[in-house]
Amino acid sequence: MGWFESLVLGLVQGLTEFLPISSSAHLRITAALAGWDDPGAAFTAVTQIGTELAVILYFSKKIGRILAAWWRSIFDREARHDPDARLGWLIIVGSLPIVVLGLLFQDAIDHAFRDLRLTATMLIGFGILLLIADRVGRQYRTLDHLTVPHGLGYGFAQALALIPGVSRSGGTVTAGLLLGYTRAEATEYAFLLALPAVFGSGLYKLTDIGGADSPEWGPTILATLVAFGVGYAVIAWLMNFIKTKSYVPFVIYRIVLGALLIVLVTTGVLDPNAGPAM
């Protein structure tokens, strides 16, 4: 991977990680359209560390409260009634599905799940699900209503994002809306829930960087830094956008992109497992 390629992919990662349109799908599609090699699951996982650092910076005060309350609750039973402490424990509960499924399906994540035909199907299918959730969700719950079953529901939705095209934020927000949470609360929890999973995945994949199937360290670090800066700006924009707007524009984008991808693969312009067909 060259420096220009890493710069472009870092921009794509930062722009798409927090929008419900699947950053892993966009990295895969961008590389395919440009005629570059698939950057791979390891590159995707490590650059996502950059975007999650942006989450920590943006929500630093809230995350600090959650960590402090959670730590007190380990030793003080009364502290476990603190909403921030409960949220800390429920983030751990919600992270379990993606950890288990990520380990069980590691080989498929690195190979079979990266087929562009599957990516296109997920973009369209989960776009329609997001539209349904945005329309029928009652949107009256806040994170104070979060329970263990709801936390696990969020967690399994997040785990589906192991398949490019689903979208980590999109899947989690869809689950939250269906469970009755407001757009803002569902989105905020999606960001917080992603922290353990993304950092865990990124650290786990660090040893693959520089290997035969992964980019070198230099370009990967550049992409991660770019993703951090761009990602922070996107978080600020999205949290303001969803206060007054729906997710419909993202649904339309997903369906159009998925349909276009199907056409490109079907007509032989793109090889579903590589870049542009020769």
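Lys-205 has its place in helix α10, where a helix is a DSSP run of H or I with at least four residues, numbered from the N terminus. The model is a predicted one, in which local features need pLDDT of at least 70 and side-chain atom pairs count only at pLDDT 80 or more, while totals for chains, interfaces and linings use all residues. Residues are numbered from 1 along each chain as its sequence is written, and side-chain values use heavy atoms, with hydrogens and water left out.

With a relative accessible area of 7%, Lys-205 is buried (buried means under 20% relative accessible area, exposed over 50%, and partly exposed in between, with a 1.4 Å probe and protein chains only). Leaving aside neighbours within four places in sequence, Lys-205 is in contact, that is, has heavy atoms within 4.5 Å, with Ala-42, Ala-45, Val-46, Gln-106 and Asp-110.

On a 1 Å grid over the protein atoms alone, a cavity is a set of points where a 1.4 Å probe fits but cannot get out, whereas a pocket is an open set with protein on both sides within 12 Å along at least five of seven lines, and lining residues have an atom within 4 Å of a point. Grid points are joined across faces, edges and corners, and a volume is the space filled by probe spheres set on the points.

| Space | Volume | Residues from α10 in the lining |
|---|---|---|
| Largest pocket | About 580 Å³ | six residues |
| Largest cavity | About 50 Å³ | three residues |

Of the 26 residues that line the largest pocket, Ile-98, Ile-109, Leu-162, Arg-168 and Ser-201 lie nearest its centre. The lining of the largest cavity includes Arg-168, Ser-169 and Ala-190.

Helix α10 is also among the elements that cover the buried residues of α7, together with α2, α9 and α12. The buried residues of α7 include Leu-116, Met-122, Phe-126 and Leu-130.

As for confidence, the mean pLDDT of the chain (the predictor's confidence in each residue, from 0 to 100) is 89, and 97% of its residues reach 70 or more. Confidence is lowest in helix α6, at a mean of 78, and highest in helix α4, at 94.

Technical notes:
Helix = DSSP H or I, 4+ residues; strand = E, 2+ residues; numbered from the N terminus.
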